[in-house]
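Here are a few notes to read alongside the model. Take them in order, with the structure open beside you.

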Amino acid sequence: MKALLVIMDGLGDRTDKTPLDLASTPVLDSFAKKGMTGLLYPIGIGFIPGSDTAHLAILGYDPFEFYKGRGAFEALGAGFTLNDGDVAFRVNMATVDDNWNVLDRRAGRNDYGMKELFAAIDNMEIDGVKIRVTHTVEHRGAALFSGENLSVKVSNTDPHKENVRVEKAEALDKTGDHIAKVVNEWTRRAYEILKGHPVNKERVSKGIKPANIPLLRGAGECFKPEPFEKRFGVRPVCIAGGALYKGVARYLSFYTPDIEGATGTKNTNLIAKKNAVLKYMQDYDFVFAHLKGTDSCGHDGDFEGKKAFIERADREFFDGLLDKFDVVVVTGDHSTPCVAKRHSMDPVPILMYHKDIRPDETTKLCEAQAYRGGLGRLMGKDLVPIMMDYINKASMFGE
Ligand code: ZN
Ligand code: ZN
């Protein structure tokens, strides 16, 4: 028996008519008619979910127990191995002026020469700490600090806004003294290497902003939770493009193949992803597939783009896929309303299908109907256990 969980990142929305309400989705509609819909609170009522904490919860792991900082997922997703005592960060390549005022936190969101720039600052050693970095997508990457006396109790250097100075890393308690010093020295050396780098000269000559400083945030550490297979008794695989989602899945010991054409952006190759799901479901019982485009459009306030991505997913991804599984769930990890351009507390529509599920009266996966769906209001952490029951993998409480 096979289970499919599809997370469309930031799927939910607000306002009278949402992208899901207005999107033409004949394939999802046919499963909504045969199945049940409802509303999902990924973490709980009254929380604005991050993508990282929400994915942990939806995959059946309480984020209040298992969340150890986003940097750890980002580094795992980028292919690093985290050992005890290591500290990992997310990295943004940014553009700063000579006084380290941030002109663009994302260096124009342009990845021209980005791999080379990350490579130029890889493998530094400062005060006995080895620092690895690697590029992932766009202006993003991951950094891994390995050495003695490190701690995640260190603040971000990314100020999270523009036209202010790069922040100095500060220790958040005594254990953070050493890493704060190393981070600040590393940032200084990286800037010296990047500011005169030939790739940045090329970028400027092409009218692209230079990527001259790495900004760090989200210090995370190694932690080894019980593998998903042990917890739920099924062999899991993750089909995703974005490093964060692969990282969360690796953290839970999912198999996470690289999918050609899966970019973790709204231009991702959805047909390649569908084919990957069909291929890997032969050897794995639980497939977690992640589509990022809905969230990216929500952050950009692009209502039409979000609706168009949902429609493309219906045609290119869901068609010919959902009927191959015994239990299917389609939902989001949170809402990213186009009017808000950020994650919100709004619950996310959810669709569940199994051949013996009792159909409710809803006919479409959308906000306009989900509130009266038969699933009612679910919490993220309850989702995988319910799916497991439909494929006879859940166990009884009591006798
Ligand atoms: Zn998300
Ligand atoms: Zn987001």
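**Notes on the fold and the zinc site**

1. Let's start with burial: 57% of the 399 residues in the protein chain are buried (buried means under 20% relative accessible area, exposed over 50%, partly exposed in between, with a 1.4 Å probe and protein chains only). Please keep in mind that this is a predicted model, where local features need pLDDT of at least 70, side-chain atom pairs count only at pLDDT 80 or more, and totals for chains, interfaces and linings use all residues. Residues are numbered from 1 along each chain as its sequence is written, chains are lettered from A and ligands numbered from 1 in the order in which they are written, and side-chain values use heavy atoms, leaving out hydrogens and water.

2. On the overall build, the protein chain has 15 helices and 13 strands; helices (H or I, at least four residues) and strands (E, at least two) are DSSP runs, numbered from the N terminus. The protein chain is as compact as a globular protein of its length, because its radius of gyration is 22 Å, close to the 21 Å that the globule rule gives for 399 residues. That radius is taken over C-alpha atoms, and the rule is 2.2 Å times the number of residues to the power 0.38. Along the principal axes, the C-alpha atoms fill a box of roughly 65 × 50 × 40 Å.

3. Now for the metal. The zinc ion (ligand 1) is coordinated by D9 (OD), D9 (OD), S51 (OG), D333 (OD) and H334 (NE2), at 1.9 to 2.8 Å. Donors are N, O and S atoms within 2.8 Å of the metal (3.2 Å for Na, K and Ca); water is not among the atoms, so sites may look incomplete. The zinc ion (ligand 2) is 4.4 Å from the zinc ion (ligand 1).

4. S51 is buried, with a relative accessible area of 4%, and D333 is buried at 0%.

5. Finally, find A249 in helix α10 (residues 243–251). A249 is buried, at 0% relative accessibility. Not counting residues up to four places away in sequence, A249 touches C238, F254 and T256.

Methods. Contact = heavy atoms within 4.5 Å.
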